Amino acid sequence: MRLFSLALIATGLLFGCTKTDPSPAPASSSNAAPAPPAEKTVLTLKGSDTMVILGQRWAETYMNANPGVSVQVTGGGSGTGIAALINGTTDICEASRPMKDKEKDDTLAKRGAPAVEIKVALDALAVYVNEKNPIKEISIPALAKLYTGDTTSWKDVGGSNHAVVLYGRENNSGTYGYFKEHVLENKDFAASVQTLAGTSAVAAAVKGDANGIGYGGIAYLEGIRALKVKKDDKSDAIMPSLETAQSGTYPIARFLYFYTAGDPTGLAKRFVDWVKSDDGQKIISLVGYYPLPKN
């Protein structure tokens, strides 16, 4: 009898355990929508050394107004920025010259999207001389003869009887490319040109050399002078300024560009839209370049 009672108790315990087992969790649905991607909070700009100080000021101002967003700006030259855009290692390329057709083709082939050109500022490409230099103006043909080595003395362009010391940019620079095309008409630079990495280095070299001459962005004039420039020997000499750059009367004014692979979206679009807004354009004058002309 005792054995029978124990058996009943054991059976009851077995059934009790069975009744209290939790129900299995429902299988997750394979049709559930994926979580949306996190909003991008880091934007990279790379390229033109001419533009790097402008890009950095834009970045600082934008980040101050948008906590949690990081805008990283580096130079290296327009060619370096364009290569980074093609390879997908920068969001925005800063360039002081237009992209070449081959570069646009490479962007489309490697990124699967066309290179989109965005004009963001104006620059009057300046011809730098030391403050002790007596000359005040130069024509583009005379400037070309200096940089191709056909003219070697300041006396041939209205200065003193001293040899001209030429400073310029390295060949991956957009400023180098622009100067070669628009001033030298694609002739080769003289072997005597001292090529320097960055517009600030060119400006510093001219500042320390009474016989030096250089070229670069208008924003780098501290301690040096910009010459008036004549389109040719019969033209008026024009001083680089906001008015002459926007009107196109200064003969070597140029646009400064952003390039993206495809139309910018998300953070990149918001940043570009802000740069082109009145607030973003105000920064340009503070740096020393010129805002885009109003339509």
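Two strands pair if DSSP finds at least two bridges between them. By that rule, strand β5 (residues 126-130) and strand β9 (residues 212-216) are a pair, because 4 bridges join them, in the antiparallel sense. The model is predicted. Its protein chain has 295 residues, and 45% of them count as buried. The secondary structure comes to 10 helices and 13 strands.

**The chain as a whole**

- The protein chain exposes about 15,500 Å², and 54% of this area is supplied by carbon and sulfur atoms.
- Among contacts in the chain with a separation of 6 or more, 74% are between residues 24 or more positions apart.

**A sheet of five strands**

- Strands β5 and β9 belong to an open sheet of 5 strands with mixed pairing, in the order β8-β7-β9-β5-β10.
- The edges of this sheet are β8 (194-196) and β10 (224-226); each has a single partner strand, so one side of each is left without a neighbour in the sheet.
- On average, neighbouring strands of this sheet are turned by 30° against each other, direction ignored.
- In the antiparallel pair of β5 and β9, Ala126 has Gly216 of β9 as its bridge partner.
- Strand β7 runs parallel to β9, and 2 bridges join them.
- Within β9, Gly212 is the bridge partner of Val165.
- Strand β7 also pairs with β8, in the parallel sense and over 3 bridges.
- Gly168 stands opposite Thr195 in β8.
- Of the 5 residues of β7, 4 are buried, and the strand is mostly covered.

- Helix α7 (residues 199-207) lies across β5, β7, β8, β9 and β10.
- Relative to β5, helix α7 runs at about 35°.

**The largest pocket**

- Rolling a probe the size of a water molecule over the atoms shows where empty space is left.
- The largest pocket has a volume of about 340 Å³.
- Its lining is made up of 19 residues, and those nearest its centre are Arg97, Lys100, Gly177, Tyr178 and Glu181.
- Helix α6 gives the most to this lining, with 6 residues.
- Both α6 and β13 (253-261) supply at least two residues each to the lining.

- Strand β1 (residues 42-47) pairs with β3 in the parallel sense, over 3 bridges.
- Gly47 is found opposite Glu94 in β3.
- Strand β3 is also joined to β13 by 3 bridges, and these two strands run antiparallel.
- Cys93 has Tyr259 as its bridge partner in β13.

**The loop between α6 and β8**

- Glu185 is found in the loop between α6 and β8.
- The phi of Glu185 is near 55°, which is a positive value in a residue other than glycine.
- Glu185 has a relative accessible area of 63%, and it counts as exposed because exposed means over 50%.
- Asn186 lies in the loop between α6 and β8.
- The phi of Asn186 is near 70°, again a positive value in a residue other than glycine.

- Gln56 lies in helix α2 (residues 52-65).
- The relative accessibility of Gln56 is 35%; buried means under 20% and exposed over 50%, so Gln56 counts as partly exposed.
- In sequence, Gln56 and Gln72 are 16 residues apart.
- In space, the C-alpha atoms of Gln56 and Gln72 are 7.9 Å apart.

Methods: Residues are numbered from 1 along each chain as its sequence is written. This is a predicted model: local features need pLDDT of at least 70, side-chain atom pairs count only at pLDDT 80 or more; totals for chains, interfaces and linings use all residues. Side-chain values use heavy atoms; hydrogens and water are left out. Buried means under 20% relative accessible area, exposed over 50%, partly exposed in between (1.4 Å probe, protein chains only). Contact means heavy atoms within 4.5 Å. Accessible areas come from the Shrake-Rupley method with a 1.4 Å probe; for residues, only the protein chains shown count as cover. Axes are lines fitted to C-alpha atoms, for helices over the stretch in contact, and angles run from 0 to 180 degrees between N-to-C directions. On a 1 Å grid over the protein atoms alone, a cavity is a set of points where a 1.4 Å probe fits but cannot get out, and a pocket is an open set with protein on both sides within 12 Å along at least five of seven lines; lining residues have an atom within 4 Å of a point. Grid points are joined across faces, edges and corners, and a volume is the space filled by probe spheres set on the points.
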